[in-house]
Amino acid sequence: MSNFEDYDLTRGAGTRSRANRTPNRVNNGAPRRRPDSQYSQGQMNYDYDMSLDDEMDMYNYDLQGEAMDQRMSRQGVSRQGAARSAGARTGAPRQGQPRRSSQPVRHSASHPGTRSSSSRSGRGGSSRPTSAGASRRPSSSKKGSSAKKNKKKKTRRTVIVVEVVILLVLALVFFLWNKISKIDTGITYEKETNDLDEATVELLSNYTTIALFGVDNRSTGNTDSGNSDTIMIAAINNDTKEVKLVSVQRDTYLKVEDDKYRKCNYAYGHSGPDGACNMLNANLDISVDGFVAVDFWTLATIVDDLGGLELEITQKMINTDNPDTHQNALAGYIAEVENVLNYHPDEEDGWKKSDCYFDSPGTYKLNGAQVVGYCRNRYAVDNDYGRAANQRMVVNMIVEKAKKADLVTLNKITDHVFEKMSTNLSKTQLISMATAVKDYEIVGSSGFPFDLTTGNFGSKGSLVVPCTLSTNVVKLHEYLYDQQDYTVTESVQAISDKVSSDTGTSEGSATVNQTPDSSQ
């Protein structure tokens with residue numbers, strides 16, 4: 001695997017209504033009428049505006065009249081007698097009010113072609129309703145009609161709002177589907193797991209476990225080969241949307257396939273994401289549901305589209321040189337990332353010296369290439385597990401910044417990087433996760449192994465060794481899935497015994513004890 005620290009820094013320089021209708025009632029609801037001279041004996045002729053609303057008023061009022069007639073009939077009171085009683089009362093003026101006419105109006109329920117008092121009262125024709133029909137005032141009917149109209153308007157408004165919401169949701173789904181269609185989802189993943197007990201299988205089903213791979217292949221958009229420079233496990237609680245991240249140190253000595261034991265990043269380079277996911281399942285007693293793989297260019301572009309990240313440059317980073325090249329280690333990593341990506345095309349070698357060196361410690365806003373170099377630097381940051389801690393910190397910063405980004409920024413990111421990503425997750429799964437992105441919260445992160453030692457182990461090279469694998473897997477299940485007192489499978493126990501035998505280590509050999517990141 002090519003290393004950034006070998007790069008020669010000397011190669012480059014420095015967004016018809018009711019109001020228009022003629023009213024048919026005046027004088028506070030009284031009907032318009034012709035002069036008294038036009039009255040005919042026993043009849044009243046009105047100039048009505050028979051609009052639809054008036055027809056509704058009359059219809060509702062007549063229904064009330066029929067109900068009243070039925071009640072009067074049951075009480076033994078004839079409708080004709082009630083009309084005469086009403087006529088007698090209408091002859092007397094109201095207190096404090098003059099008579100409307102000196103001649104009382106005659107009513108006859110049996111006279112053909114003559115309106116009854118109940119009919120006229122529906123149009124406001126009687127100056128005073130009968131006692132039996134006192135509750136049947138036109139104003140009450142008017143109010144009832146208005147209430148119905150308001151109810152209809154509210155119903156229409158509700159329907160319109162629902163329709164708009166549905167259209168927006170469909171538009172969002174179409175938008176996401178169009179964007180996600182750019183992602184390479186054609187990679188298959190044939191899941192293989194250990195013989196997990198029933199309780200563990202049920203518990204893991206409450207989580208979505210995703211493997212995240214950062215691939216070191218020096219070829220933009222080609223994520224089906226190359227060693228996995230970054231290996232992370234994201235355990236998503238399906239109910240709470242809480243996420244926990246664990247970095248698996250790339251140099252961890254594990255079983256990578258069949259009976260072969262090597263650094264775990266070998267699995268991706270040799271058998272792709274399918275083999276890398278099953279390597280995690282076999283060594284950790286987990287069930288990876290899917291994976292997402294990105295390369296240097298993807299990470300750098302996401303950071304640039306988000307406007308950069310503010311990261312701390314320590315004095316130790318400024319002072320520490322690569323022991324092989326005797327050049328500043330951080331500068332060497334940044335320079336090669338810019339060279340590989342041709343980050344500054346106007347420069348001879350695609351990189352700038354001013355991007356690589358820092359005069360004093362402090363917090364700087366770093367561009368995409370600088371962030372990738374920062375994530376790869378293993379000097380002055382406690383070697384491999386220190387570098388993994390920086391990688392988790394950067395992932396957390398990207399997620400938090402993306403959650404606050406506007407739609408224009410998110411759209412730019414999807415246009416730029418989706419087609420350079422690889423995953424086995426379906427488009428339906430990706431859309432579901434994308435629409436809930438603001439609900440996800442990273443509540444913790446740590447490194448694996450928790451208890452480890454490092455060293456050069458002859459032909460096996462420089463390794464990170466779990467002390468022991470079985471005890472570390474127990475802690476992993478407790479941390480990621482809140483599974484208490486987990487017992488590893490026979491498969492993991494056999495791998496653990498082999499690792500201890502090959503490296504001569506035991507539980508007491510641990511020289512580093514990793515704890516969850518303090519920033520969480």
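Start with helix α12, residues 383-404. Its buried residues are D384, Y385, G386, R387, A388, N390, Q391, R392, V394, N396, I398 and K403. Buried means under 20% relative accessible area; exposed is over 50%, and partly exposed lies in between, with a 1.4 Å probe and protein chains only. Helices here are DSSP runs of H or I with at least four residues, strands are E runs of at least two, and both are numbered from the N terminus.

Before I go on, this is a predicted model: local features need pLDDT of at least 70, side-chain atom pairs count only at pLDDT 80 or more, and totals for chains, interfaces and linings use all residues. Residues are numbered from 1 along each chain as its sequence is written, and side-chain values use heavy atoms, with hydrogens and water left out.

Back to α12. How far apart are its end C-alpha atoms? They are 32 Å apart. The 22 residues should span 32 Å at 1.5 Å a residue, so the two values agree. The expected span is 1.5 Å times one less than the number of residues.

Now the whole protein. It has 16 helices and 15 strands. Of its 520 residues, 44% are buried. It exposes about 27500 Å², and carbon and sulfur atoms supply 49% of that. Those areas come from the Shrake-Rupley method with a 1.4 Å probe; for residues, only the protein chains shown count as cover.

Next, a hairpin. Strand β6, residues 253-257, pairs with strand β7, residues 260-263. The sense is antiparallel, over four bridges. Pairing requires at least two DSSP bridges between the strands. K255 stands opposite Y261 in β7. Two residues separate the strands, and D258 in the turn has a positive phi of about 40°.

On to the rings. The whole structure holds six aromatic pairs. A pair means Phe, Tyr or Trp rings (six-membered ring for Trp) with centres within 6.5 Å; planes under 30 degrees apart are stacked, over 60 edge-to-face, the rest tilted. Take Y207 and Y481: centres 5.1 Å apart, planes at 80°, so edge-to-face. Y207 lies in strand β3 and Y481 in helix α15, so the pair ties together parts 274 residues apart in sequence. Y207 is buried at 9% relative accessible area. Y481 is buried too, at 1%.

Ring pairs also link F448, F450 and Y479 into a cluster. The charged end of K244 sits over the Y479 ring, 5.0 Å from its centre. That call needs NZ of Lys or CZ of Arg within 6 Å of the ring centre and within 35 degrees of the ring normal.
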